[in-house]
Amino acid sequence: MNIDFSSILLVPGKVLDVKAKYEKDCVGFLNETYKTQALSDIEFSFKSRDRKHFSFTAKGKFDVTMPCSRCLDDVVVPAEIDVERFIDLSKNINDIKDESDEYEDYSGYIQGTELDVDAFISCEILSSLPMKVLCKDDCKGLCPKCGKNLNHGACNCEEKGGFEPEGNAFAKALDIYNSYFKEV
Ligand SMILES: [Zn+2]
Ligand SMILES: [Zn+2]
């Protein structure tokens, strides 16, 4: 869904409130895709300063399903968006490099006088997520040898030949992780 905010640019101080929906059911980042579920509409409120400057706020709630970073089981993580952005349409995007600039690089989600809700919201959801989640504090993770989820019971590796701590646990987890996301 796109929001056309052109009407506010003609009248300084004009406010435009719009309820929007996130129309995708996932967010993606590099090779990772997380399922998302909207728990509310997204409430946008635009306010103009003049023909080239405006601000907007966006609020919404989502549940995002991420893999536990030890055992890769699904973990539902709440993501709450409550942000305000300042837009200067007179600026060339290339001028907005300085992080201290009050104004935002909007090139990823604004074209002309339309805001792309899905593009904006997926970025906001991603940036609100923690880097890592655990399904529980004492998650036992995966056996580094056979890859079994040890929360679901012990495997036989320890009995036969013993535990191999140096095993290529990370590579194995990564393999499982990658194949998991290919199947989805
Ligand atoms: Zn876990
Ligand atoms: Zn094992």
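Reader: Where is Arg 49 found?

Author: Helices (H or I, at least four residues) and strands (E, at least two) are DSSP runs, numbered from the N terminus. In this predicted model, Arg 49 is found in the loop between S5 and S6. Residues are numbered from 1 along each chain as its sequence is written, and chains are lettered from A, ligands numbered from 1, in the order in which they are written. Because the model is predicted, local features need pLDDT of at least 70 and side-chain atom pairs count only at pLDDT 80 or more, while totals for chains, interfaces and linings use all residues.

Reader: What does Arg 49 count as, buried, partly exposed or exposed?

Author: A residue is buried if 20 or more other C-beta atoms lie within 10 Å of its own, exposed if 12 or fewer, and partly exposed in between, with C-beta atoms placed from the backbone. Arg 49 has 16 C-beta neighbours inside 10 Å, so it counts as partly exposed. Of the 184 residues of the chain, 20% count as buried.

Reader: Which residues is Arg 49 in contact with, leaving aside its neighbours within four places in sequence?

Author: Two residues are in contact if their C-beta atoms, placed from the backbone, lie within 7 Å. On that basis, and with those neighbours left aside, Arg 49 is in contact with Pro 12 and Phe 54. Leu 10 lies 39 residues from Arg 49 in sequence, and the C-alpha atoms of the two are 9.6 Å apart.

Reader: How many bridges join S6 to S7?

Author: Two strands pair if DSSP finds at least two bridges between them. S6 and S7 run antiparallel and are joined by 15 bridges. Val 64 stands opposite Val 77 in S7. The two strands form a hairpin with 6 residues between them, and Leu 72 in the turn has a positive phi of about 70°.

Reader: In what order do the strands of the open sheet of 3 strands stand?

Author: The order is S1-S9-S8, with antiparallel pairing. Strand S1 (2–4) and strand S8 (110–111) are the edge strands, each pairing on one side only. S1 is joined to strand S9 (residues 114–116) by 3 bridges, and Asn 2 stands opposite Asp 116 in S9.

Reader: Which residues touch the most other members of the largest nonpolar core?

Author: A nonpolar core is a set of buried Ala, Val, Leu, Ile, Met, Phe, Trp, Tyr and Cys residues joined through C-beta atoms within 7 Å. The largest one has 24 residues, of which Val 64, Ile 121 and Ile 125 touch the most other members. At least two residues of this core come from each of strand S5 (42–48), strand S6 (53–67), strand S7 (74–88) and helix H2 (117–128). S6 supplies the largest share, 6 residues. Beyond four places in sequence, Ile 121 is in contact with Tyr 22, Ile 42, Gly 60 and Ile 81.

Reader: Which residues of H2 are buried?

Author: They are Val 117, Phe 120, Ile 121, Ser 122, Glu 124 and Ile 125.

Reader: Where in the chain is confidence lowest, and where highest?

Author: pLDDT is the predictor's confidence in each residue, from 0 to 100. Its mean over the chain is 87, and 80% of the residues reach 70 or more. Confidence is lowest in helix H3 (residues 169–183), at a mean of 63, and highest in strand S2 (residues 15–20), at 98. Over residues 161–166 pLDDT stays under 50. Where pLDDT is low, the predicted coordinates should not be read in detail.
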